[in-house]
Amino acid sequence: MSNTAVVTDSNSGITQKQAQEMGIHVLPMPFYMDEETYYEDINLTQEQFYTKLVDGTDISTSMPAVADITDLWDKLLQDYDDIVHIPMSSGLSSSCETAQMLARDYEGKVQVVNNQRISVTQQRSVQDALHLIQQGKKAEEIREILEREKLESSIYIMVDTLKYLKKGGRITPAAAALGTLLRLKPVLQIQGEKLDAFAKARTVKQAKSIMIEAMQNDCKNRFHDPTGSSLSIDIAYTYDKEVALQFKEEVQAVFPNHECIVSPLSLSVSCHIGPGALAIACSHIVE
């Protein structure tokens, strides 16, 4: 086993407690609310966040401060030979680019992975990194492997309301008004670095069926693995864990050989899609 540290951020859905259990390190993502700075899973819980979001509090997101990143790296390099740093997708945040810039001063001891992951797919990259460390691979080789695998994942997300997409300027007010009037449940997708529209559903039940069918199609035609035997298939959600656990049962009925991880979507994503969202994701398992 190599003496390599693993760092990610809270967009992975990994809590500080889980990070301790896994032997990794999670940078909390900062939020600004009422002129105060909060950090996910440090002084801001999921419950507090959604209470403020639903109440209409103006919430803005940011990336970790440069000093927070470099201080953590400096501390870890006192005990580790090198670091593999796995931030959220560069297509969704500038935190990856910033980390890559900072890593240039570390003479190869910090390897920043730009593999276009978020939430449970990012979490799977962390698990892949730990597996590769067990095999004796060092940070640079781990980064190369994870980046080679970057497009081997897929996410579909059902949004319960268009309110927050409208607020963030991601759809027009007219489209949001029409979607609300028709009570649509949009299904979005993340393929690589982009968050795009995928389909429109009338009900949550229909949206879940669309997502499961889309994942079945990806397994068969994109990954050439109809049963998903070489893939992890997982669930993410915003706010309502009970609904997510029910969705997990429906997914596992279709993919019976998978024990799906169920994780909250990062609050940075939740800001833009609101409570009541459900997602299904798959990632190729690195051997």
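Student: How many cavities of 30 Å³ or more does a search of the whole structure find?

Tutor: The search finds one cavity of that size (a set of points on a 1 Å grid over the protein atoms alone where a 1.4 Å probe fits but cannot get out). This is a predicted model, with local features needing pLDDT of at least 70, side-chain atom pairs counting only at pLDDT 80 or more, and totals for chains, interfaces and linings using all residues. Residues are numbered from 1 along each chain as its sequence is written, and side-chain values use heavy atoms, leaving out hydrogens and water.

The space in the largest cavity is about 50 Å³, a volume being that filled by probe spheres set on the grid points. Its lining (residues with an atom within 4 Å of a point) consists of Asp-9, Leu-27, Met-29, Pro-64, Ile-69, His-85, Pro-87, Ser-95 and Ala-99. By class, six of these are nonpolar, two polar and one charged, with Pro counted as nonpolar.

Turning to open space, the second largest pocket (an open set with protein on both sides within 12 Å along at least five of seven lines) has a volume of about 250 Å³. Gly-13, Thr-15, Gln-18, Gln-46, Glu-47, Tyr-50, Tyr-237, Tyr-239, Lys-241, Val-262, Ser-263 and Pro-264 form its lining. Five of the lining residues are nonpolar, five polar and two charged. Helix α2 and strand β12 (262–264) are the elements giving two or more residues to this lining; helices (H or I, at least four residues) and strands (E, at least two) are DSSP runs.

In α2, residues 46–54, the buried residues are Phe-49, Tyr-50 and Leu-53 (buried is under 20% relative accessible area with a 1.4 Å probe). These three lie on the same side of α2, because they cover an arc of only 90° around its axis, taken from the directions to the C-beta atoms. Just after the helix, Gly-56 takes a positive phi of about 90°.

Key:
Buried < 20%, exposed > 50% of the residue type's maximum accessible area, 1.4 Å probe, protein only.
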